[in-house]
Amino acid sequence: MTEVKLHIYDVTNSDSDKTNNTIVQINKIFKDRIGLGGIFHSAIQVFGDEEWSFGYCEEGSGVFSCPSGKNPMYTYRECVVLGKTNLSISKFNQILRELSREWPGESYDLLSKNCNHFCDELCERVGVPKLPGWVNRFANAGDTAVEIAGNTAFRFRQAKTEIVSASKVAYRFLLGANSNAAASSESSGISNRGTPRFQATWFKNLVSTPKPTESSEVGVRSGDSLLHRGQT
């Protein structure tokens, strides 16, 4: 049986020392004090002294390795033993080859397909528990927000369509009512012809209201094309 280790880093690969220090402080507060989570890079070590992870690149696989606990792009935080696997080295190498094909660098997404998602997938294939929830909680929360926002926008458009359809039906009904009222007035001498026509005009104005611009639609943009290979 071979131990499967998770190596966790603070994401301090910004060109700005101020930004890096801010991230470290965020991680200290939200992870160390509150236990909620933070902004982390992760990698998995199984055999040998190499750790495996995933990051953005324009061409080829996003799967890469480096000496365990020594990724120069980030600040090392801690190691967590996730369990043990009975896989052989050859089987593990086969899994890595499969993942290398399935995880191209250009498919990287900060919220939905980052290094932590890759480590979860690798853990599942070697038969150990996935990452602790706090490691990728911020990204998962962001991805959920994107999904909720998208669903909200769809429901808004759907509701608007139903309202307009109902208004059109009511408008056609009032047109018919107006015609019937006009015919009835001529035959009975009633002089209150204005009311149905006024209501029909009001519904006509309702259904012809200009559509909202695209800027008023709910939208969330996710990902960052400026991230380079190895970023979480």
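The model is predicted, so local features need pLDDT of at least 70 and side-chain atom pairs count only at pLDDT 80 or more, while totals for chains, interfaces and linings use all residues. Residues are numbered from 1 along each chain as its sequence is written, and side-chain values use heavy atoms, with hydrogens and water left out.

**Aromatic pairs**
- The structure holds 8 aromatic pairs, where rings of Phe, Tyr and Trp (its six-membered ring) pair if their centres lie within 6.5 Å, and planes under 30 degrees apart count as stacked, over 60 as edge-to-face and the rest as tilted.
- One of them joins Tyr-9 and Tyr-76 edge-to-face, at 5.2 Å centre to centre and with 85° between the planes.
- This pair links distant parts of the chain, 67 residues apart, with Tyr-9 in strand β1 (residues 2-10) and Tyr-76 in strand β5 (residues 75-85); helices (H or I, at least four residues) and strands (E, at least two) are DSSP runs, numbered from the N terminus.
- Tyr-9 is buried at a relative accessible area of 0%, whereas Tyr-76 is partly exposed at 34%; buried means under 20% relative accessible area, exposed over 50%, and partly exposed in between (1.4 Å probe, protein chains only).

**Around Trp-103**

**Charges over rings**
- The charged end of Lys-31 sits over the ring of Trp-134, 4.4 Å from its centre; this requires NZ of Lys or CZ of Arg within 6 Å of the ring centre and within 35 degrees of the ring normal.
- Lys-113 lies over the face of Trp-103, at 4.8 Å from the ring centre.
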